[in-house]
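Colleague: I am new to this structure. Please show me how to read a few of its features.

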Amino acid sequence: MSLPPPELVSYLESVPSPHILIDTRYRILAANAAYRRQFGTGPSIIGRTCHEVSHHFERPCDQSGESCPMAMARQSGQRERVLHLHHTSKGEAYVNIELVPLSNAQGEQVFFVEKMEELHGAEGMQSQEGLVGRSPAFRRMLELVSRVGPSKAAVLLVGESGTGKELVARALHESSPRARGPLVVVECSSLTETLFESELFGHEKGAFTGATSAKTGLVESASGGTLFLDEVGDIPLPMQVKLLRLLETGTFRRVGSTALRQADIRIVSATHRDLADLVAAGQFREDLLHRLGVFPIRLPPLRERTEDLPLLVPSLLSRVAPDRAFTVSDAGMARLMHHPFPGNIRELRNVLERLTLLSDSDVATAAQVDTALAASLVLHGASRAGMACPTAPVLPAAGAPLPQHRTLRESEDEAFLQALAAHQGSKAALAAKLGISERSLYRRLKALQPPTATP
């Protein structure tokens, strides 16, 4: 094993963030104190390979299904960055890895310096808070978060309702230099045109009837931190001009004041609507869209990351039933993984909370999952009938395979029939479990009856 220059080892030891030095055979030659504290698990690190320490892999990352920054640097000859799930003293965590190749006098790469930085707000294991997941779709999203987080760029989060946009906004904030500042959330959909300007920018005393004192707006409250504009597509058109001015100049005026104030904020916005369609309809300014969308990130719906359910389910159960050791059976988990979840994580949380109410034991059965899902489908069926169910990665039970593409109405009918078959009590009790009236229950039963043959 080649010995590293002592001055390089001394320099790494003085650096406050975790760093290691690696040779061309992936062996760790040196690890500073910060690395040993945060990632030093098990036997001595020196002499072991980086892929064995970081991932418990026997082979390099690029031969084990992971991206390898060393292989990338050997090809490019430049600094490379990747996001990895890394073993730490507290378990697996998402870590930003920045690798720099060091060459000798002949231009040959002889050493590599890796800097590690944990990505806050996201977990690759069960967690009571933050983003949770390991699926490819989830990791692609996190890679974008890790890239743009430390910058000042405006970020636009685009995704269906219930995909966790506020949690992603928090992860962006916590991975930025503004992490010690406030994260201020603006619920744009709840503000009327008359309230929006005052809430966002504040007002002076006497600015309008009822303004008995001066008020600090949300922009000022977010000073030094991040302003998160949730459901930005609902901002009234006249107010979009004032928001655009804030983004272009970094200045604003309180209502009733002529004095310009400086805004020291980073903007993160989110929407579940197609802003391009709103622009075409004249309901959203195109210049504002470009200002907000400097770095757009798409949040995957739950149906694109069903392999995350075994992590998400216990994580959410620890939040909805913290005082109860409640789990879902394997058969019940298979049912959950087949469900399309049009309401995404929010719907999953509701289903799990419903399960804790339906079950008196500590393990939810497949039949109880069917009942909880049937109630969920009743909620969505009326407004979403005919929407295609895009995936069915795991079959819910033994028997004939189900079609890969079905409408939500078909999924709803199947879950309803399963709940009906599993129920042993009265129709009134079944209706109560499903969260519908007896009248609606009988209408559903009648609708599912086969048509009578005509003579």
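Modeller: Start with helix 7, residues 193–201, where F196, S198, L200 and F201 are buried. Buried means under 20% relative accessible area, exposed over 50%, partly exposed in between (1.4 Å probe, protein chains only). Helices (H or I, at least four residues) and strands (E, at least two) are DSSP runs, numbered from the N terminus.

Modeller: Two notes on the source. This is a predicted model: local features need pLDDT of at least 70, side-chain atom pairs count only at pLDDT 80 or more, and totals for chains, interfaces and linings use all residues. Residues are numbered from 1 along each chain as its sequence is written, and side-chain values use heavy atoms, with hydrogens and water left out.

Colleague: What covers the buried residues of helix 7?

Modeller: Look for contacts, meaning heavy atoms within 4.5 Å. The cover includes strand 9, strand 12 (226–230) and helix 9 (237–249). Just after helix 7, G202 has a positive phi of about 85°.

Colleague: Why does S175 count as buried?

Modeller: Its relative accessibility is 18%, so S175 counts as buried. S175 lies in the loop between helix 6 (165–174) and strand 9 (183–187). Beyond neighbours within four places in sequence, S175 touches L119, V145, G149 and P150.

Colleague: Where is V328 found?

Modeller: V328 sits in strand 17, residues 327–328. V328 counts as buried because its relative accessibility is 13%. V328 and V363 are 35 residues apart in sequence, but 5.3 Å apart in space, C-alpha to C-alpha. Outside four places in sequence, the contacts of V328 include L317, L352 and V363.
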